[in-house]
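Here is a friendly walk through a two-chain model, written to be read with the coordinates open.

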Amino acid sequence: MEDHGSEALRRLIGGLPEAVRETHARLGDATAVVDASRIAEVLHFLRDTPGLDFDVLVDLTAVDYLGQAPRFEVVYHLCSLKHNHRVRIKARVSEDAPEIDSATSVWPAANWMEREVWDLYGIGFRGHPDLRRLLLYEEFEGHPLRKDYPKEKRQPLVGPRN
Amino acid sequence: MAIEPRLLTERARDGREDDSQSDLHTEHQILNMGPSHPASHGTVKFIIELDGESIVDLDVQVGYLHRGFEKECESGSWYQAIPYTDRLNYNSAILANLGYCMAVEKLMQVETSERCQYLRVVSGELSRIGDHLTRAGAACLELAAMTPFLFGIEARELAWDLQEILCGARVTSNYIRIGGVKHDMPASFPAVCRENVAKIRALLEDFDDVMTENRIFVDRLRGTGFLSKEDCIRYAVTGPLLRAAGVAHDLRKTEPYLVYDRLDFDIPIGSVGDNYDRYLVVVEEIHQSLRIVEQCTDWLEQNPGPVDVDDPRVRWPAKARVFNKMEELIQQFKSVTEGPMVPAGEAYHAIESANGELGFYLVSDGTAVPWKVRCRPPSLINLQPLPLMVRGALLADLIPTFDFVNMIGGECDR
């Protein structure tokens with residue numbers, strides 16, 4: 001596994017060699033694809049290792065690679081205010097069991113971001129304290145950012161329940 | 001009115017049971033505020049659990065302006081997404097244009113010209129000025145001070161006039177292009193710009209005179225909406241909220257893009273992270289943006305040159321060449337009918353918008369249609385710790401605190 005000159009990737013490969021599947025640093029973005037079952041461990045490692053100190057979960061999103069297996073990719077963008085460096089972590093999640101461990105225990109910022117991914121992609125987060133839809137309403141059927149959800153599809157807007 | 005029991009937090013329930021000191025029977029009250037409430041600009045719903053007038057807990061419900069921004073972007077060409085980005089933050093549309101276009105440029109490895117970068121900085125800073133003026137002005141309005149709000153709006157109008165000279169629109173600018181900007185500044189711009197900058201400074205002085213040491217204003221802001229440095233970092237809060245808590249983090253300095261590393265400006269920071277610090281940071285940032293605008297205008301006046309990148313993938317060839325040369329004619333035809341083909345790959349690029357880190361994560365499969373467009377919305381992420389800021393505070397403090405979070409529905413809900 002190559003570190004592409006990135007300190008974060010070098011230490012991650014050194015610290016958790018079996019968790020890292022592949023790496024790249026195309027366009028200057030250091031990226032590691034990690035084992036989805038070990039995501040919490042990887043995120044804790046990145047936050048707590050001195051010299052890495054990724055204290056900010058900048059962004060958490062997902063991508064639907066319809067037609068590929070595994071179908072989904074959960075993408076974490078991390079940043080360290082102390083060292084002013086960034087890294088991107090990705091974990092692949094299958095269509096049959098679209099679930100991954102929640103990052104809320106590492107950064108509370110993950111709470112709403114994971115709710116949004118659940119809402120729009122239908123990927124569940126194990127251990128999330130309150131996994132409700134964030135942007136859409138509870139009666140909405142399906143997850144609209146999935147590639148097989150037709151853009152033109154309309155659903156009735158259900159009013160307040162009380 | 002039926003309210004789901006899960007909204008009552010464990011903490012609140014415990015508190016009620018422990019309330020043994022008083023024989024008074026008190027009950028917590030649930031108050032629905034919004035989604036369209038005159039005191040909260042922005043369509044958002046708060047479900048507030050109140051103990052008398054104090055906020056025990058708060059559930060923030062967003063999404064009322066969700067319109068499928070990302071889904072729309074993933075169905076048009078790379079260019080067709082730019083007008084949608086205008087509608088993200090309607091106070092500072094150019095910054096959203098800029099964030100998206102710079103992410104596409106990163107993916108395509110397009111290097112923009114120096115003049116283009118200066119134009120982008122000028123227009124972006126004008127946008128930031130407008131956004132900050134709205135935030136500071138509306139805070140006064142919400143605390144029942146009408147006059148300073150009008151000072152702020154008048155100053156914003158002056159900034160928007162300059163934006164109009166640059167791109168023909170006051171609000172939805174649609175100014176930035178992949179590899180360039182819509183067009184160079186007109187010759188009249190520098191003179192009007194200097195005049196308006198002076199006028200904005202005069203209005204800021206008036207604003208400062210009536211507000212900064214105003215007893216009522218200070219009492220309402222100082223010590224309210226407090227969010228510590230550590231909590232800001234844990235909740236990924238960026239922008240003026242983070243700086244007000246004392247962290248000098250501004251992407252224009254920490255990861256300079258465009259020509260920010262050549263410009264002379266300071267990053268103001270607060271000391272405690274309450275609403276008053278936020279007010280001071282926001283007002284000082286307007287002054288710093290005005291300095292940037294002046295420096296860039298001077299440079300633009302003295303250094304004429306090409307604006308758009310000379311790259312047939314993203315910018316059309318000159319009309320004279322299109323009419324006379326076969327290759328250029330084909331290129332124009334392809335550009336109009338298909339739009340740019342972006343090489344397969346992924347890129348994340350973030351800029352410092354008026355609210356904080358505005359990032360775009362793009363994935364291309366090598367075609368003319370984006371596979372994934374993700375906007376990292378600072379409005380949404382900064383809004384998340386709002387319950388932390390107002391727990392234990394009076395209900396009335398929610399209003400100015402929410403104002404300084406500056407949640408913009410278009411960007412928050414996308």
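Not counting residues up to four places away in sequence, B:Leu386 touches B:Leu58, B:Val60, B:Phe402 and B:Val405. Two residues are in contact here if their C-beta atoms, placed from the backbone, lie within 7 Å. B:Leu386 is found in helix α16(B), residues 386-390. Helices (H or I, at least four residues) and strands (E, at least two) are DSSP runs, numbered from the N terminus.

Is B:Leu386 buried or exposed? B:Leu386 counts as buried because it has 21 C-beta neighbours inside 10 Å. The scale calls a residue buried if 20 or more other C-beta atoms lie within 10 Å of its own, exposed if 12 or fewer, and partly exposed in between, with C-beta atoms placed from the backbone. By C-alpha atoms, B:Leu386 is separated by 19 Å from B:Ser271, and the two are 115 residues apart along the chain.

## About the model

This is a predicted model, in which local features need pLDDT of at least 70 and side-chain atom pairs count only at pLDDT 80 or more, while totals for chains, interfaces and linings use all residues. Residues are numbered from 1 along each chain as its sequence is written, and chains are lettered from A and ligands numbered from 1 in the order in which they are written.

## The sheet of chain A

Chain A has an open sheet of 5 strands in the order β1-β2-β5-β4-β3, with mixed pairing. In chain A, β1 and β3 (56-64) stand at the edges with a single partner strand each, so one side of each is left without a neighbour in the sheet. From one strand to the next, the twist averages 20°. Helix α2(A), residues 39-48, packs on this sheet and touches β2, β4 and β5 of chain A, and its direction makes about 175° with that of β5(A). Axes are lines fitted to C-alpha atoms, for helices over the stretch in contact, and angles run from 0 to 180 degrees between N-to-C directions.

Now for the individual pairs; two strands pair if DSSP finds at least two bridges between them. Strands β1(A) (residues 20-24) and β2(A) (residues 31-34) are antiparallel over 4 bridges, and A:Glu22 stands opposite A:Val33 in β2(A). These strands, β1(A) and β2(A), form a hairpin with 6 residues between them, and A:Leu27 in the turn has a positive phi of about 60°. By contrast, β2(A) pairs with β5(A) (residues 85-93) in the parallel sense over 4 bridges, with A:Ala32 opposite A:Ile89 in β5(A). Strand β3(A) is joined to β4(A) (residues 72-80) by 8 bridges in an antiparallel run, where A:Val63 has A:Glu73 as its bridge partner in β4(A).

Strands β2(B) and β3(B) pair over 7 bridges, and B:Asp51 stands opposite B:Ser54 in β3(B).

## Where the chains meet

How many residues does the contact take from each chain? The contact takes 32 residues from chain B and 27 residues from chain A. On the chain B side, β7(B) gives the most, with 4 residues. The residues on this side of chain B divide into 14 nonpolar, 9 polar and 9 charged. In this count Ala, Val, Leu, Ile, Met, Phe, Trp, Tyr, Cys and Pro are nonpolar, Asp, Glu, Lys and Arg are charged, and the others, Gly among them, are polar.

## The nonpolar core

The largest nonpolar core has 163 residues, and A:Leu57, A:Leu78 and B:Val104 have the most contacts inside it. Such a core is a set of buried Ala, Val, Leu, Ile, Met, Phe, Trp, Tyr and Cys residues joined through C-beta atoms within 7 Å. Helix α4(B) provides the largest share of this core, 12 residues. Leaving aside neighbours within four places in sequence, A:Leu78 is in contact with residues including A:Leu46, A:Phe54, A:Val87 and A:Ile89.
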